[in-house]
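Here's a quick tour of the salt bridges, holes and surface of this model. Have a look at it first, then read on.

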Amino acid sequence: MARSPKVAESAVDVVIVGSGAAGGMAAYTLTKAGVRCLILEAGRDYDPQAEVNMFAPESDAPLRGTGTPDKPFGYFDATVDGGWQVEGEPYTMTEGSDFRWWRPRMLGGRTNHWGRHVPRFGAYDFKPFSRDGLGVDWPIGYDDVAPFYDRVERMIGVNGGPIGLENHPDSPAGCLMPPPKPRVPEMLITAAAESLGIPVRAAHTAVLTRDMPDKVAPRSACFNATPCTRGCTIGAMFQTTTSLLPMAKATGKLRVVTDAMVSRVVMGARGRAAGVEYVDRKTGQRHQVTARAVVLAAGTGETTRLLLNSGEQGRGLANSSGELGRNLTDSTGASFSAFIPGLAGRPRYNEDGIGGQHIYIPFWLYEQQKRGELDFARGYHFEIGGRFGLPSSAALPRVWGKDLKQAVRNASGATIGLTLRGEMIPNKDTFCEIDPTVKDRFGIPVLRFAFRWSKHEVNQVAHGRRAAHSVFKRLNGTILDPDLPPEQIMTAGGEIIHELGTARMGADPKSSVVDSYGQTWDVDNVVLMDGATFASGPHKNPTLTILALALRASERLATRLSSGALA
């Protein structure tokens with residue numbers, strides 16, 4: 001027999017579901033405005049300053065740090081609970097679909113583990129339909145979001161330099177910290193790429209290159225010594241657990257409950273939400289909390305799952321348009337690599353730098369695309385790799401013993417990589433919905449994913465491979481990629497962890513789920529603040545835009561609350 005839910009004791013103004021980029025920004029912004037907030041986080045509590053092992057060598061880890069089903073990104077990876085599979089919390093797929101769903105179950109969510117590459121979307125990215133007639137336009141443009149990009153870059157700490165390219169807006173003076181200098185392989189790639197007319201620029205990365213003092217959450221500049229994916233005890237890289245969440249708690253207006261698996265939005269009078277119901281992951285006890293407004297920031301899939309499991313059975317909540325669950329996208333992904341003889345046998349020196357790349361290759365072919373010279377719509381960019389470390393086995397001869405040791409030493413630092421990230425255009429065959437028969441261990445119906453790439457994405461990856469190989473050949477490199485069709489080198493749907501768009505924003509309630517502030521058209525005190533609201537998924541990594549839109553939506557919600565609009 002189902003147990004009756006308990007009603008939480010402390011009254012709050014806003015209940016926020018999720019503590020990652022969007023939830024952290026909502027908590028920070030609303031509490032600073034004097035709003036009483038409660039965060040419900042599905043995962044466990046997590047303190048990076050107490051739990052992160054920044055300095056241990058991989059040789060100290062089980063299996064020497066090799067990925068396992070429990071720790072797919074290695075033993076020391078910052079994701080301490082959850083991953084591609086969560087025990088007792090399955091998801092399903094339609095026949096013929098290949099989709100992966102990354103779900104960290106920890107305070108701070110995905111901000112504890114991400115690449116921290118934070119380019120701005122440009123004018124074309126907000127109005128893609130107007131440019132090529134595919135998909136839909138956003139109800140807002142770059143100028144609407146630009147002031148929030150400025151503030152977020154200063155708030156979270158972003159290093160980088162000018163881009164100066166079409167559809168790649170530059171940041172105003174004072175927004176960015178200085179970028180780190182390119183590494184030797186990066187300088188070589190720059191020379192080769194630019195000789196082919198392919199631009200290379202300093203990457204924008206959410207890692208501090210200067211100290212960021214604060215009375216509550218002081219953060220220090222990166223000391224260029226440890227892998228960022230492990231987490232950061234000094235706060236050099238942005239994650240909500242060392243910045244926005246402690247700042248919000250310091251206001252005295254924020255309470256956080258972890259291990260709280262939200263199951264549905266509870267409706268009240270006058271067509272408004274009364275709060276949410278959640279399951280305590282440890283005890284199985286159901287609870288209800290009431291609030292004047294509900295912010296859903298659980299991540300694209302979880303936010304949409306929550307709405308589909310609320311309201312009218314079989315249709316969900318805030319779904320009068322029928323668009324809830326539709327328009328799912330992920331970035332395309334493919335990796336290319338080569339052995340560069342000119343980099344072999346270098347003397348060893350420290351070239352660690354900040355986590356990941358110092359430079360990257362932005363998309364550069366907008367004019368050719370406009371003239372109809374490309375066989376795909378939208379764009380892609382390359383993220384760059386090339387450092388000392390264990391070389392790919394493809395770069396090594398089949399030798400053993402002493403000869404193998406010498407070959408590894410010679411090839412270390414001589415393998416470079418270009419990793420493609422591209423835009424996917426929404427299509428009718430890609431969506432998520434509630435599985436009619438499968439429930440998780442809490443009795444909550446699970447998501448079922450359908451996923452298909454279109455010819456645009458396949459042609460885009462094929463073009464990217466030709467471009468990457470042209471750079472490698474200019475460096476007299478030996479290409480290490482297998483000779484396979486583009487469909488077979490593309491990552492699976494969801495694998496880039498950029499899933500977006502399943503409750504997209506728009507100007508018309510008949511064709512969208514939320515307005516430009518994330519407020520659902522059907523329930524005016526339910527506000528979505530994560531990637532579910534994106535009207536398209538440009539090739540540029542989405543977290544900076546999630547943060548900027550969450551800041552914009554939170555300030556509007558605070559204004560509505562203070563005006564009595566949600567009394």
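## Starting point: Glu555 and its partner

Glu555 counts as partly exposed because its relative accessible area is 28%, where partly exposed sits between buried (under 20% relative accessible area) and exposed (over 50%), with a 1.4 Å probe and protein chains only. Glu555 forms a salt bridge with Arg151, and the closest N and O atoms are 2.4 Å apart; a salt bridge here is a side-chain nitrogen of Lys or Arg within 4 Å of a carboxyl oxygen of Asp or Glu. This pair ties together distant parts of the chain: Glu555 is in helix α13 and Arg151 in helix α5 (residues 142–156), 404 residues apart. Arg151 is partly exposed too, since its relative accessibility is 34%.

Some ground rules before going on: this is a predicted model, so local features need pLDDT of at least 70 and side-chain atom pairs count only at pLDDT 80 or more, while totals for chains, interfaces and linings use all residues. Residues are numbered from 1 along each chain as its sequence is written, and side-chain values use heavy atoms, with hydrogens and water left out. As for helices (H or I, at least four residues) and strands (E, at least two), they are DSSP runs numbered from the N terminus.

Searching the whole structure turns up 31 salt bridges. One of them joins Lys540 to Asp125, with the closest N and O atoms 2.6 Å apart. That's another link between distant parts of the chain: Lys540 is in the loop between β20 (526–528) and α13 (543–563), Asp125 is in helix α3 (residues 123–126), and 415 residues separate them. Both Lys540 and Asp125 are buried.

Asp524 is in the loop between α12 (486–489) and β20, Arg560 is in helix α13, and the two are 36 residues apart. Asp524 is partly exposed because its relative accessibility is 25%, whereas Arg560, at 14%, is buried. There's also a salt-bridge network that links Glu89, Arg105, Asp259, Arg281, Lys282, Glu302, Arg305 and Asp440.

How many cavities of 30 Å³ or more does the structure hold? There are 5, where a cavity is a set of points, on a 1 Å grid over the protein atoms alone, where a 1.4 Å probe fits but cannot get out. Grid points are joined across faces, edges and corners, and a volume is the space filled by probe spheres set on the points. The largest cavity comes to about 80 Å³. Its lining (residues with an atom within 4 Å of a point) has 13 residues, with Met54, Cys222, Thr226, Cys228 and Cys232 nearest the centre. That lining splits into 10 nonpolar, 3 polar and no charged residues, counting Ala, Val, Leu, Ile, Met, Phe, Trp, Tyr, Cys and Pro as nonpolar, Asp, Glu, Lys and Arg as charged, and the others, Gly among them, as polar.

The second largest cavity holds about 70 Å³. Lys540 turns up in its lining, along with Pro119, Arg120, Ile163, His168, Pro169, His204 and Tyr360. By class, this lining has 4 nonpolar, 2 polar and 2 charged residues.

β17 gives the largest share, 8 residues, and the lining divides into 9 nonpolar, 11 polar and 9 charged residues.

Methods. On a 1 Å grid over the protein atoms alone, a cavity is a set of points where a 1.4 Å probe fits but cannot get out, and a pocket is an open set with protein on both sides within 12 Å along at least five of seven lines; lining residues have an atom within 4 Å of a point.
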